[in-house]
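Thank you all for coming; I would like to take a few minutes to walk through one model. Please have a look at it before I go on.

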Amino acid sequence: MYCKKECIAMLLAGGQGSRLYDLTKKIAKPAVSFGGKYKIIDFPLSNCINSGIDTVGVLTQYQPFALNEYVSNGQPWDLDRIRGGLYVLPPYQGNKNSDWYKGTANAIYQNINFIKQYDPDYVLILSGDHIYRMDYSKMLEQHKATGAACTVATITVPMEEAFRFGICNTNPDGSIYEFEEKPKNPKNNQASMGIYIFTTKTLIEYLENDEEDENSSNDFGKNIIPNLLGNGEKLYSYRFEGYWKDVGTISSLWEANMDLIGEDPILTLADQDFRIYSKNTARPPQYIGKDAVVENSLISEGCRIYGTVINSVVSGGVIVEEGAIVKDSVVMEDVVVKKGAAVYTAIVDSDTVVESGAVVGKENAGKDEIALIASGSVIKA
Amino acid sequence: MASSAAGIIFSSLNNNTLSRLTSDRTVAAIPFACRYRLVDFALSNMVNANISNIYIVANYKYRSLLEHLGSGKDWDLARRDGGITFVSPFQASNTADQAMFSTHMEALKSMKEYIDEIKEDYVVLTDSDTVLTIDVNDIIRSHESTGADVTIVTSSVAPDYTAKNPRIMISSVAGKVTQIAMSASFDERHPELALGIYVMKTEYLRTLIEEAEAYNLNSFTMFLLKNCKSSNYMTYRYTGFVASVSSFLDYYKYSMELVNNEKSRDSLLGKKETPIYTRVHNSAPTKHYPGAKVENSMIADECSIEGTVINSIIFRDVTVEKGAVVKNCVLFHGTHVCKNAKLNCIVADKDVLVSEGVALSGNDNMPFYIQKGRKI
C-alpha cells in the first residue's frame, strides 16, 4: 500500500541505561517510570502526536518486553492508525547475517526499508532518554525554510557542564560549522539534544556510506554529523527553549521528578493543550486518610495515604500506612510503605514492600546519596 | 472467552427526581465517586464479566453520555462484533412518534429488531441509577442453576429506607419471589429492594415483549407484577455497597458514605480484579502544594490543592487555592475555589468558580447545589 508521509519519526529506544542500575535491570530505560503516571517514552511519543507526526518506528534492543508491552499498538498516544502508526522495530536476522544494532546510526540503517515504505521527505531521529515537551513541527518548519540537509536541536546548558554534551558551534545565521562530541574545552554551550531532522535522501546516503566504513562506530554524534560537516552539507541548529532533562542517572531522574513539585514547579505536566499521554491503568481515585499529612507532593490514582508524604512524587496504587513517612522520594507503582516505616531521599521501584519499622535512605541526604530500591524488594526492619 | 450474555443498560427513563443533577444530562452521565459517571459501573460490571455486546438505551439529554462513551474504546468495547450499540428514540418515516419511548417496556418494544438479533443465550438488563460493583457471571450462574424465568437482583433495605419514587420491593421464600409491590418506603412484608438488575434468557425477553405488545402493557414493572404468581422469578441477594440514587439528597449521602466508610469504598472501588473503567482523560497526577491540608477525602487527577480539603470528593481538574477550606463537599470537575473561600456541604457542578473570600454552607440534610458554570 502506498502511504506517503511528509515526516516520520524513528525513536531510538534500545538503550540499556546502565547508569540507572537496578531500575533498568529488567527493563529498557525508556520504560522507566516518571512523574507519577508516566514512562520516559511517553514524552517523545506524546511530542510526536502533538506535532502532527503519526508514524513512529520504535527501535528496541535491550530488555524489550516491558517496553513492547507498554507501547503495544500505540493506542494510548493515538498512534494506532490504518496508515502509519507506531511500529516496534527490533533487530532481525537478514540474508547475510543477524545483526544487533551496533550504534544509533546502524540501528536506523537496518530499518531503511521501513523508512522507504512511507517515502517521507524528512526523517526525525529521537531518543527515549529525555523528559521534555517539544513541538517538532516548528523544528521541521525551520528545516524546510533553511533547506538544510540536517537540523540538530540544541539547548543552552551551563558552560561548566558543556563538556558532557555534543556541542554545536554555529555561525550567526544558525548554520553549524563545527560539531564537537564531548569537547574538553567547549567553545560554547549549545548542546545537541540528540534530536535530528534529516532530509531523507541525505540520511540514506550517509547511512549507507557509514555502513561501509569499517572504522566507524556507526553513531550519529560521532560519525554521521561530522561526516555531513566534512562534506560541506548544510547543517543548522534549531534552538529549543524550555524544559529538557536527560534522566540517565539516578540523581538526574530524582531531580527531574523533584522539578514537578514546589511552590512554582519548573516542570508542569497539567497542560491541556499539550498533553503527555500514557497508558491508562483504570485505578480508583486517590484516598487521603483522616490523619494523613500530604504536603508538596504529586499523588496519583489508586494511592491510599494514611501516613505522611512530603516533597515526593508518588505513582499509582501506592499505600502509605498510618505513621509511615515518605519524604524527598520518588515512589513507583504499587509500593507499600507499612506502619511506622520511613522512606527518605530514595527512589523506590514498583511493587516493593517497606516493612513496618524499616527505614530506607537518609533524611536530608543530597542528590548524590539517593537510596535506590529495586522493583519487587522487601525491605525488612 | 465469549460471554453467554448480552447487556442492556437503561439510562434515566422516567427519572426526573434528580432534577438538579440531570438538568443538563441523563442519569447515566451523572458524575459520581470522583472520576466516574454512573454508567461506568453498569458497563464495567458487564465488561468484567466478559460481556461485549451492550445496548445503551437513553431518551433524554444524552449528549454528555455520548461524549463520555465515545467509541467505547475506554471500556474495551470498540469491537468488530457487538461493542456498544446506542439506542435512542427516533422518528419513524411517516407515522409520528412510532419509536418514541418513555418507559423500559416501550424502549424494549422499540428495540425489538436488535433483540431479535442477539446471539447470546442470556440478557442482563440494568438501570444506571443503581451503583454497585457486582459479579455478573455469578448472577448468571445462579440463574442457570435455579432455572428461573427471571432472576432479580435485590438487597435488603434498612427500616428507615425512603425513596423519592416508589421502587420495586420484593418478598421471597428461599429465593423464590412470592410478591412484588411498589413502595417508596420500608415495608416489612417486602423487605428486599429490587436493584434494577434482571437476568433472563434472551428467548424469554422476546416472549415478554410479544406479550407486552399483545396486552398493550407499557411497563416492565407491571409485567413482573402481573406474572409474578404464574412465573418462576428468583432473587439474587447482593450484600455489598449499593448506591441507589433516587434523589439529590441520596446522591449527596451516598457520596459522603464513600468518603466516610472504608468498607463501602472498598466494596465499590477496591476490587483489583474488577476495575471500574471510565473515559480516559490523560490528566496529570494531582499536586498537593506546600501548606496544603487534606483529610479523609477522595481526589481525582490533575487537581491543584493549596488550601484545606476535609471529608470531600474532588473530581478532576479542581483547584483549591491558598486559605480556601472545602469541607463535606462534592466538587465536580473544573471547579475553581479561590483564595480564602469557605465551602461546607456543597455540591458544585462542572466548571463552577467560587470567588475569593466567598463563604457558602449547606447542611447534611440539605446540601447546597451550585449549577454548572456558575460564578459565585
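This is a predicted model: local features need pLDDT of at least 70, side-chain atom pairs count only at pLDDT 80 or more; totals for chains, interfaces and linings use all residues.

Residues are numbered from 1 along each chain as its sequence is written, chains are lettered from A and ligands numbered from 1 in the order in which they are written, and side-chain values use heavy atoms, with hydrogens and water left out.

Let me start with the interface, where 40 residues of chain A are in contact with 38 residues of chain B, contact meaning heavy atoms within 4.5 Å. About 3,200 Å² is buried between chain A and chain B, and carbon and sulfur atoms give 45% of that; buried area here is the accessible area, with a 1.4 Å probe, that two parts lose on being put together, summed over both. Of the area that chain A buries against chain B, 18% comes from Glu263(A), Pro285(A) and Tyr287(A), more than from any other three residues.

How many salt bridges does the rule find across this interface? It finds five between chain A and chain B, taking a salt bridge as a side-chain nitrogen of Lys or Arg within 4 Å of a carboxyl oxygen of Asp or Glu. By class, the side of chain A that touches chain B has 17 nonpolar, 13 polar and ten charged residues, where Ala, Val, Leu, Ile, Met, Phe, Trp, Tyr, Cys and Pro count as nonpolar, Asp, Glu, Lys and Arg as charged, and the others, Gly among them, as polar.

Strands are DSSP runs (E, at least two residues), numbered from the N terminus, and two of them pair if DSSP finds at least two bridges between them. Within this pairing, Leu298(A) stands opposite Lys287(B).

Within chain B, five strands form an open sheet with parallel pairing, in the order S15-S18-S21-S24-S27, and its edge strands are S15(B) and S27(B). Inside it, Val309(B) stands opposite Val326(B) in S21(B).

How values were computed:
Helices (H or I, at least four residues) and strands (E, at least two) are DSSP runs, numbered from the N terminus.
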